[in-house]
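Work through the exercises below with the coordinates open. Try each task before you read its solution.

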Amino acid sequence: MILLSVILVSVLGAQATFYLIHEKRISTVRASSGPTLLFALIVSLLPITFITTLQAAFFGSTFVGMTDKSRMGKKRVLVSSVIFALIYSFLVPLAKGIGGGLGAAAFGSCALIFLLAKIVRLKTKAI
């Protein structure tokens, strides 16, 4: 239940940020912070026990949505946000005390999808 919620929230955060930056031409900081504040306010009104997990997942996924359009489109941002949710759920808790876990998870998910797309493109050219 928590993992599915984190995945859904991550997809929502990344897509909302990507949309605000590339379709509405809002600056990256405002496109990240605005939806995060709104989401945090709305979720804090709900009677669930893992509110901070959802708020952190949403905020971290907005880092994925900050990706430049020339590097990744909507579909790759969608896949990256799911990868981010998995990294956030399973690896970030193991790195407590290091700091920067949300940014590192966002970078890792974007880099993974970017590199996989490059490899697929090179393999299809070689055939």
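**Exercise 1: a serine in α1**

Ser5 sits in helix α1. Helices here are DSSP runs of H or I with at least four residues, strands are runs of E with at least two, and both are numbered from the N terminus. The model is predicted: local features need pLDDT of at least 70, side-chain atom pairs count only at pLDDT 80 or more, and totals for chains, interfaces and linings use all residues. Residues are numbered from 1 along each chain as its sequence is written, and side-chain values use heavy atoms, with hydrogens and water left out.

Task: find which backbone oxygen the side chain of Ser5 reaches, and classify Ser5 as buried or exposed.

Solution. 
- Step 1. Take the accessible area. Ser5 has a relative accessible area of 15%.
- Step 2. Apply the cut-offs: buried is under 20% relative accessible area, exposed is over 50%, partly exposed is in between (1.4 Å probe, protein chains only). Ser5 is therefore buried.
- Step 3. Follow the side chain. It reaches the backbone oxygen of Met1 at 2.8 Å. A polar contact is a pair of N or O atoms within 3.5 Å; within protein, one must be able to donate a hydrogen and the other to accept it, and residues adjacent in sequence count only if both atoms are side-chain atoms.
- Step 4. List the contacts (heavy atoms within 4.5 Å). Leaving aside neighbours within four places in sequence, Ser5 touches Phe50 and Leu54.

**Exercise 2: the span of α3**

Solution. 
- Step 1. Pick out the buried residues of α3. Among them are Ile51, Leu54, Phe58, Ser61 and Val64.
- Step 2. Find their partners. The buried residues of α3 pack against α1 (2–22), α2 (28–44), α4 (74–90) and α5 (101–126).

**Exercise 3: a serine in α3**

Task: which residues is Ser61 in contact with, leaving aside its neighbours within four places in sequence?

Solution. 
- Step 1. Ser61 lies in helix α3 and is buried, with a relative accessible area of 0%.
- Step 2. Check the side chain. That of Ser61 reaches the backbone oxygen of Phe58 at 2.8 Å.
- Step 3. Collect the contacts. They are Val9, Ser10, Gly13, Ala14 and Phe84.
- Step 4. Take one further distance. Ser61 and Phe114 are 53 residues apart along the chain, and their C-alpha atoms are separated by 16 Å.

**Exercise 4: the salt bridge**

Task: how many salt bridges does a search of the whole structure find, and where do the side chains meet?

Solution. 
- Step 1. Search the whole structure. One salt bridge is found.
- Step 2. Name the pair. Glu23 and Lys69 meet at 3.9 Å, N to O. The pair links distant parts of the chain, 46 residues apart: Glu23 is in the loop between α1 and α2, Lys69 in the loop between α3 and α4.
- Step 3. Glu23 is partly exposed at 40% relative accessible area. Lys69 is partly exposed at 46%.

Conventions
A salt bridge is a side-chain nitrogen of Lys or Arg within 4 Å of a carboxyl oxygen of Asp or Glu.
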